[in-house]
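Keep the sequence and the coordinates open while reading.

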Amino acid sequence: MGSSITFRDHAAMENHLEQHLYQPQKLLEDLRKTDAQQFRTAMKCLLEDKKDRLDLKDIIVNLGEIRDRALQSPGVNRSLFLITLERCFQVLNSLECVEILGKVLRGSSGSFLQPDITELLPRDLCKDAFTNLSAVFKDLYDQTSAHSQRALYSWMTGILQTSSNAADDSVSWVSAENLWILGRYMVHLSFEEIMKISPIEIGLFISYDNATKQLDMVYDITPELAHAFLERISSSNFNVRNTSTIHRLGLLVCFYDDLELLDAAVAQVLLHQMIKCSHLRGFQAAVQKLKAELLDIATENQTLNETLGSLSDAVVGLTYSQLESLSPEAVHRAISTLNQVSGWTKSQVIILSAKYLAHEKVLSFYNVSQMGALLAGVSTQDFCSMDRKDLLQVLRSAVSQYVFNLSPAQKQGILSKMIEVGDTASGIVEIQGAFFKEVSLFDLRREPGFNSTVLKEKELGRSQALFLYDLLLKTTRRPEELLSAGQLVKGVTCSHIDAMSTDFFLAHFQDFQNNFALLSPYQVNCLAWKYWEVSRLSMPPFLLAALPARYLASVPASQCVPFLISLGKSWLDSLVLDSHKKTSVLRKVQQCLDDSIADEYTVDIVGNLLCHLPAAIIDRGISPRAWATALHGLRDCPDLNPEQKAAVRLKLLGQYGLPQYWTAETTKDLGPFLVLFSGDELSSIAIKFPEILLQVASKMARTLLPKEFLWAVFESVQNGSDKLPSSDPMPGCHGVTAPSSDDIFKLAEANACWALEGLRCMEEDTFIRTVELLGAVQGFSQPQLMTLKEKAIQVWDIPSYWREHHIVSLGRIALALNESELKQLDLSSIDTVASLSQQTEWTPGQAESILQGFLDDSGYHIQDLKSFHLVGLGATLCAINITEIPLIKISEFRVVVARIGTLFCSTHVLAEFKRKAEVVFGDPSEWTSSVLQELGTIAAGLTKTELRMLDKDLMPYFQPSAIKCLPDEIFKELSAEQIASLGPENAAAVTHAQRRRLSPLQLQSLQWALDGAKTHSWPDAPASAGPTRTPSSRSPAGAALSWGLWLGCPLLVLMAKILW
């Protein structure tokens, strides 16, 4: 047979490659059928990292790319993992098999390591192979379930015990070397096993250079086990009060308990080592308590001014009065410590920054560069007073990483200095990273120095990207450079996509795919239509979801797997915004799945779609074989609906029984699902595993948690609290359970469960130490906030005496201040106002009091306001009298248009801001996509006439927030064509009130927009047209087996002579 490959042969190769990518079970079957020699060759080429290319005359096969694609394909890794366990150790040497397992496992999500997998693990490995495989399991520790950790620990210890020379049970098998091999799995040793470790072996272990690194990573160690290890180390020849020993203890220092007669210098060393304790999983309240005790010891017989620089991050436990007692000189001396501490509250940062700058007198690059984490305490006015060259140096230096944490007002203050009016050497190009998003569209338009290279390291807002992409496209000779310049892809419009040639589009589509998270739903819709027009046979299947629902019918059964894999790699909620369309997509998904998840391979295939499967499939359609893997995926679902949650709960009850019967491992593994259970069901967890419950609550702190779950957390803390009644309670507080600092620290969002009497009876010192934690609780009711406000007045006196750090520390508690109390506050600083404006629940009267309070206290009039004032006022700016908006200087307004455009002001205020925007950007009929995007909600101030005049092609560039803000009677004036052109995202933003005012024709147009219909003249296609290539059914005899073997393996490709 000749050496050239025919087109038929090439099609066969692609066919069989796809079969194994999309049917990984077949790969497993084929590998099981190979003889020992074929299998050995297949396994060896998995160890190859070469990017070989196979030149077969007319065809070049990129074998490295094929292998990479195979190893990234759902299920292929699983098949390779299973076949390696089944056959590799009988055919190859164990070291090579371990290397293959490591390569495959590190490319997985950790879901392969189910508890029963240990039954397939060999128990007769050579020492090096066992050590290497243990290292792989240690690397995957955090991705492994608690049950699997326990199973792997049992497998490891079984081998270690067998190889141990221990003569009887009285001699421990836990040697120094075995501890090192166990690594993070050492936390699974029992208390009794730890206490049996010989002093010689534990001493030898601690003397290892890598022991400290290992102990630095035992994040899930418990106090009991930590104390056991500390006791054994004390029994060795290592003195745990010796500085060099303390440096070797890793996270064990977080549980140090030998405080009697402790030297102040040793306490300081311990505090320095305890910086790492923030990495512990749980027990943080106990860590804070230990730090406080060590802080007292470390400052014995010395003043705080003398010891400040040697207290490490324990300084975050200092109260306001302690911080205010510090001298500027002491803060200056300790700045190298203070600037590295994480965990400062905003109010602490304000106090310390003021102390530091009081010593420095003048703000220069040098002293600002020393501030690190304290940079956020520099006032906006101080930033503005800095020399521009010094500010430029700050943005180029290491301290620039802290600029991201500044308030919007502070950032605008820096920008206003960097981009001073009349300065020809604009500093815009020098601004890096996320800070660049703050640059206004107006300033961008007067900066000539942009190119794609300069923009690569900058984060762009969509209005910036729209302007810059269009600008650079007119001047560049290499448009592909723009697509690969990171965030510039946000600025590609439909017209840009339309204008791309077929070859250019297909050659550079990968740039869009690489930056998919940056694309808007409208851009994805445009890409889908373009792909459909130019190359529907090679179209990535997930793009079909962006087309009208009827196009899903074009997916034949033979293409279901590629469709599911492609769609499962994206997040459906960001791809399909309309609930009706999402239902159609999911109907197709269910049809492809035949309403069932048969095995773990199917779970791999559906990927993120698992989060959208209906309750019926979760309840009855997931097979027992698939359930463990499916549960691993469901843990990461951000927002299951009530029916899905109920189905998951029933499945869990069926598998594990009631929570009262759960083990610690089960409770850990089911952590994210604890919110599905009732208070009665959780009460046993609160009693048995309170720390696990607290850890689960901590991980979910930024989500809205059910009240019953929070009550369970509250009860678990109350049950474990050992506080004694106050010897001198406040009047009316006798017998009342009041929160302690420890309680508040542990409870986080569950602090919302405190009774009003408990909050009222809180000790003053407790309030002072925890006010910022309490101010961050989202679930407090108005009466609870009122009670906490009264506590603030009790502790700090009336509001007129409060200083900036007091006001900033209040958080949501400030919402309870009435208009009269707000007027008493000293609001002369825009930074104080900016902290208040972060709250979004002010009444119009409160907002007006804050705005007027700032104007009165600062002495500014509306016409005096700088850009950073406008930004700092935030939502309170909506309280401005519309007759005063014209007084705002255009030179200040034009650079903060985008910030003002994030506010949800009244229609009248938005209309007045819109009139001001016309002075900057011209008549609305002249507005471009970038201008409309920049304006945000200000665009909702357009009149009926102005709205009707807008070109339909601009409609997708309204921000969704602007659509929501358009008054119903204005929105209904849009033409049917304009509504059809809104794009999926803006169409989804249309409110029910706006819908009710639309005509049947307008409603039909709205549905077209929601569905992703094409609004300009593209050649449509019949719904039956296939979107993707259906692999050829013809193939040379024996080819399937050969291609199954050489998925990316150069040696096997060369052996597959049967093809030619």
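The link of C88 and C97 is left-handed, with -90 degrees about the S-S bond. In this predicted model, the sulfur atoms of C88 and C97 are 2.0 Å apart, and the two residues are joined by a disulfide. Both C88 and C97 are buried.

Another joins C254 to C277, with an S to S distance of 2.1 Å. Its torsion about the S-S bond is about -100 degrees, so the disulfide of C254 and C277 is left-handed. C254 sits in the loop between α14 (243–246) and α15 (264–273), while C277 sits in the loop between α15 and α16 (284–298), so the bond ties together parts that are 23 residues apart in sequence. C254 has 3% relative accessibility and counts as buried, because the cut-off for buried is under 20% relative accessible area. C277, at 0% relative accessibility, counts as buried too.

C494 and C526 also form a disulfide, and here the sulfur atoms are 1.6 Å apart. The link of C494 and C526 is left-handed, with -90 degrees about the S-S bond. The pair connects distant parts of the chain, 32 residues apart: C494 is in helix α30 (residues 494–499) and C526 is in helix α32 (residues 521–535). C494 is buried, with a relative accessible area of 9%, and C526 is buried, with a relative accessible area of 3%.

C384 has a relative accessible area of 13% and is buried. C126, at 36% relative accessibility, counts as partly exposed, because that class covers values between the 20% limit for buried and the 50% limit for exposed.

The remaining topic is D1011, which is found in helix α63 (residues 1000–1011). Is D1011 buried or exposed? With a relative accessible area of 18%, D1011 is buried. Which residues does D1011 touch, not counting residues up to four places away in sequence? The contacts are A546, L547, P548, A549 and K581. For A549 there is also a polar approach: a polar atom of the D1011 side chain lies 3.3 Å from the backbone nitrogen of A549. D1011 and L577 are 434 residues apart along the chain, and their C-alpha atoms are separated by 9.0 Å.

Conventions: Residues are numbered from 1 along each chain as its sequence is written. This is a predicted model: local features need pLDDT of at least 70, side-chain atom pairs count only at pLDDT 80 or more; totals for chains, interfaces and linings use all residues. Side-chain values use heavy atoms; hydrogens and water are left out. Helices (H or I, at least four residues) and strands (E, at least two) are DSSP runs, numbered from the N terminus. Buried means under 20% relative accessible area, exposed over 50%, partly exposed in between (1.4 Å probe, protein chains only). Contact means heavy atoms within 4.5 Å. A polar contact is a pair of N or O atoms within 3.5 Å; within protein, one must be able to donate a hydrogen and the other to accept it, and residues adjacent in sequence count only if both atoms are side-chain atoms. A disulfide is a pair of cysteine sulfur atoms within 2.5 Å.
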